[in-house]
Amino acid sequence: MTLALYVLAVPEFAPVVRSAEAAGMDVRAAGDYLELTTTAHEVVLRREVTGMRTAVWHAALTGGLVGRIVSFTPDTLHLVREDA
Amino acid sequence: MTLTSPSARPQAGPPGPRVDGVDHLAFVTWQPRATCEFYTQVLGMPLVHAITATGWVTEDYPDFVHFFFDMGKGNRIAFFYYFGLQEEEPPSDLMHRSRHVAFHVDTEEELLAWRDRLKAHGVRVTPPLPHELIESIYFDDPNGIQLEITRPLRAMSGADARDAELTLRALADVAASPRPSAQALWQRKAELVRKAEPVRKAALIRNDTEVAGS
């Protein structure tokens, strides 16, 4: 099963997409959202890559998650596949 | 640049009666003098109405004064002062932060001017804090009610409303489950986004066809 995030395609969440790309995730448009996927078992997104403010960073999963959260700190978001 | 208020409502809505904004919000105060001075002098909201009455509603309803300040655009903020009512304990920090009133301004200049004005009156106020769609300053009124002044960082769009619809559908599902959590919400949201996408694409194609055929 693919690990996937959905991010609403609005300016404040663009840094999440940059962080996901930096972590090796693929990006494709999906209606109102950008679908970020990876076939890897896990992925770690880093806030420092994004320059995002904490309030928006902690809302990064608002669009939806196919996977599980290992940890979600002010600096990193560690996700794994649901079957991991 | 002035942006459309983030509170601007979508053009289309369900049929039937609709309300038009806030007539008044009502709170309880044990400090009528400080409350009146704060709202009129610090926030510049004129006192526009006050009613005094005996507590006729139920047998134990105390006598009261109910007074109103004009927030602008026909919206008012009101307070009850109840005679003989023992003062309540302050709410928890979480409830204090959660139950708040946010006033709207259009621009960053206005937001900063308000911060300067509040500080000049000795009110403790936060620096401007950007969220997703808005940037806000926070402070308390004399009753400990958290107030916010906020400006839009961008206008709300149809995508925001469609996204909110899916979030609330996911929340309704997850809140009714045995173990509600943010993770469960985000997982359910992804399922709904995936389901909604083919439907939305079909609708867009249909609309395009109708336009092309008209």
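Helix α3 of chain B, residues 108-120, has 13 residues and reaches 18 Å from its first C-alpha to its last, close to the expected 18 Å. That expected span is 1.5 Å times one less than the number of residues. Helices here are DSSP runs of H or I with at least four residues, strands are E runs of at least two, and both are numbered from the N terminus. Just past α3(B), Gly122(B) takes a positive phi of about 80°.

This is a predicted model, where local features need pLDDT of at least 70, side-chain atom pairs count only at pLDDT 80 or more, and totals for chains, interfaces and linings use all residues. Residues are numbered from 1 along each chain as its sequence is written, while chains are lettered from A and ligands numbered from 1 in the order in which they are written.

Now for another helix. Here are the two side by side:

| Helix | Residues in helix | End-to-end C-alpha distance | Expected span |
|---|---|---|---|
| α3(B) | 13 residues | 18 Å | 18 Å |

Buried means 20 or more other C-beta atoms within 10 Å of a residue's own, exposed means 12 or fewer, and partly exposed is in between, with C-beta atoms placed from the backbone.

The contact takes 17 residues from chain B and 23 residues from chain A; two residues are in contact if their C-beta atoms, placed from the backbone, lie within 7 Å. On the chain B side, α5(B) gives the most, with nine residues.

Over in chain A, Val66(A) lies in strand β5, residues 65-66. Val66(A) counts as buried because 21 other C-beta atoms lie within 10 Å. Leaving aside neighbours within four places in sequence, its contacts include Thr2(A), Glu82(A) and, from the other chain, Ala190(B).

Finally, Lys73(B) lies in the loop between β3 (64-72) and β4 (75-82) of chain B. Lys73(B) has a positive phi near 55° though it isn't a glycine, and it counts as exposed because it has 8 C-beta neighbours inside 10 Å.
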